[in-house]
Amino acid sequence: MKEISCQCCVLGAGPAGLSVALELVQNGIEDVLVVERHPVVGGLSRTVEKDGALFDIGPHRFFTRNMEIRRLWNDLLGSDFMPVDRLTRIYYKNKFFQYPIKALDALVKLGPITSMAALISYAAARLGPRSEPETFEQWIVQNFGTRLFETFFKTYTEKVWGISCNQIGAEWAAQRIKGLDFVQVIKSAFNLGDGSRAKTLVEQFDYPRKGAGQMYQAIADRVEEAGGRFLMQTEVETFSVRNYKIQSVVARTAEGEHVSISADHFFNSLPLTFFYKALNVELEDQLKKSVSALYFRDHITVDMLVDKQDLFPDQWIYIHSPKVKMARIANYNNFSPDMTGGRPKTAISIEYFVFKDEELFQMSSNDIIEMATEEMKYLGLVEPSFVERAWVVKETECYPTYYIGFQPFYQTVRLDINRYTNLTQIGRAGMYKYNNQDHSMASGLLAARNYIGAPGSPYDLWEINVDAEYHEGEKR
Ligand SMILES: Cc1cc2nc3c(=O)[nH]c(=O)nc-3n(C[C@H](O)[C@H](O)[C@H](O)COP(=O)(O)OP(=O)(O)OC[C@H]3O[C@@H](n4cnc5c(N)ncnc54)[C@H](O)[C@@H]3O)c2cc1C
């Protein structure tokens, strides 16, 4: 078996892995090797090109409160990083509701009876006794009332996670919907607000001219220019460890050959659970139970090239209708005109959230495309005759699941993985955290700084996602 050795080995070329590599090479550590199974960089934030059109893995908006990451994004792409005015809506009962919910729009479209019921249940929730919510449902009901929970949160959330809103922890709502106050929504709808914006009310975001992946290709270029190396289309298969130290990693190249990689330090953005499977050793009972208690939601994207323009004005639409399995549709023309290379066509992606052992995930690409085409017709968004071509992208380990009761298992695994002396877990699946791109990048930058011993280190990477401003407030 071919043997490679390097000072730092980064597993996965997503936002987290690329950020580690960038920070290392920019601080004089050039002997960096990045190992990635796909032919393009960017991970879940990559962009794929099909028939001259560009598609992300589901829509990716760039938004961060972390000034360092914002500066880095701007520096990497300059004028290719463009502001986009956000338009996103919810499709529910054959109507399009603005998202984030606008009070006036929702009240008009729900009709007088449902609107009155929604307002009464909202008032009851806000004025009634409050307790520390444990479930996603409790969190939303306390903040929005039962009626709005059922209308705007239940179906979509259950499509995304595949479990009831009662089984999902309040953490997810608190993390994702933090700062949203319906009073503020009402105020902003009637222009009564003080001008401040809650987190989910952001009405503009940034986007690279050629898709999310352009950002990550720009980072990869910088890493390579500074001497870093990439082993693309190379899949990590096993970790060999002794006394909580990684001895080597064995990976399979595109040619089917195996390479053994040794390094002074490994930065791992591959799924936390995968690490333990790839150890190929019998785990102690409690750890084994904890690892198998953590699971991810998987994801299918159907990329569709449509021979028509101006299908709908939104960047994406949340599909709440239980009549179709799809959960979200993105229209990349409304992100950047370059996504179709300036041609009079539309690049859209249709997303299905799924478990990999479900029938839907196992279906052939042709059957999935047929289903997506039928569903688009049912929703009245695209006539099948306009679908020029479509492709299916299946991704696993996309959404770490914060179900009720996962925390003790998570703590056990975190404690164990922290014992490895030359291994740092980074990123979304790597840390089992519901990260956005900026959080994953921050984990990469700080992991590199911990390794270098930069001023202010060591940073606690596990805290990043809890408060995105962590890095700002803490250090530089
Ligand atoms: C549908 C969807 C929509 C999203 N929308 C947004 C958004 O709008 N805004 C936002 O900021 N974030 C969004 N995100 C989150 C964003 O995609 C992630 O936060 C980000 O990509 C995580 O980066 P990462 O480097 O931690 O992990 P990843 O992007 O998952 O990168 C991990 C890398 O490891 C590689 N890898 C895995 N296993 C192996 C192996 N065995 N061998 C070699 N390589 C391997 C993968 O191919 C991948 O390249 C979205 C995510 C999804 C799924």
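These exercises work through parts of a predicted model.

**Exercise 1.** At what angle do the axes of helix α2 and helix α10 cross, and which residues meet there?

*Solution.* 
- Step 1. Find the helices: α2 covers residues 67-77 and α10 covers residues 213-225.
- Step 2. Compare the axes. They come within 10 Å and cross at roughly 80°.
- Step 3. Classify the angle. Angles of 65 to 115 degrees count as roughly perpendicular. The helices α2 and α10 are therefore roughly perpendicular to each other.
- Step 4. List the contact. From α2 come W73, L76 and L77; from α10 come Q214, M215, A218 and I219.
- Step 5. Sort these residues by class: six are nonpolar, one is polar and none is charged.

**Exercise 2.** What is the strand order in the open sheet of seven strands, and which are the edge strands?

*Solution.* 
- Step 1. Read the order: β7-β6-β14-β15-β16-β13-β17, with mixed pairing.
- Step 2. Look for strands that pair on one side only. These edge strands are β7 (95-99) and β17 (387-400).
- Step 3. Zoom in on one pair. Strands β15 and β16 run antiparallel, joined by four bridges. Here A330 stands opposite S349 in β16.

**Exercise 3.** Which residues come nearest to the ligand, and how does the shell divide by class?

*Solution.* 
- Step 1. Start from the 32 residues around the ligand. Nearest are G12, G14, G43, G58 and G427.
- Step 2. Name the elements giving two or more residues: α1, β10, α16 and α17.
- Step 3. Sort the shell: eleven nonpolar, 16 polar and five charged residues.

Methods:
Residues are numbered from 1 along each chain as its sequence is written. This is a predicted model: local features need pLDDT of at least 70, side-chain atom pairs count only at pLDDT 80 or more; totals for chains, interfaces and linings use all residues. Axes are lines fitted to C-alpha atoms, for helices over the stretch in contact, and angles run from 0 to 180 degrees between N-to-C directions. Angles under 35 degrees count as roughly parallel, over 145 as roughly antiparallel, 65 to 115 as roughly perpendicular and the rest as oblique. Two residues are in contact if their C-beta atoms, placed from the backbone, lie within 7 Å. Ala, Val, Leu, Ile, Met, Phe, Trp, Tyr, Cys and Pro count as nonpolar, Asp, Glu, Lys and Arg as charged, and the others, Gly among them, as polar. A residue is near a molecule or strand if its C-beta atom, placed from the backbone, lies within 6 Å of it. Two strands pair if DSSP finds at least two bridges between them.
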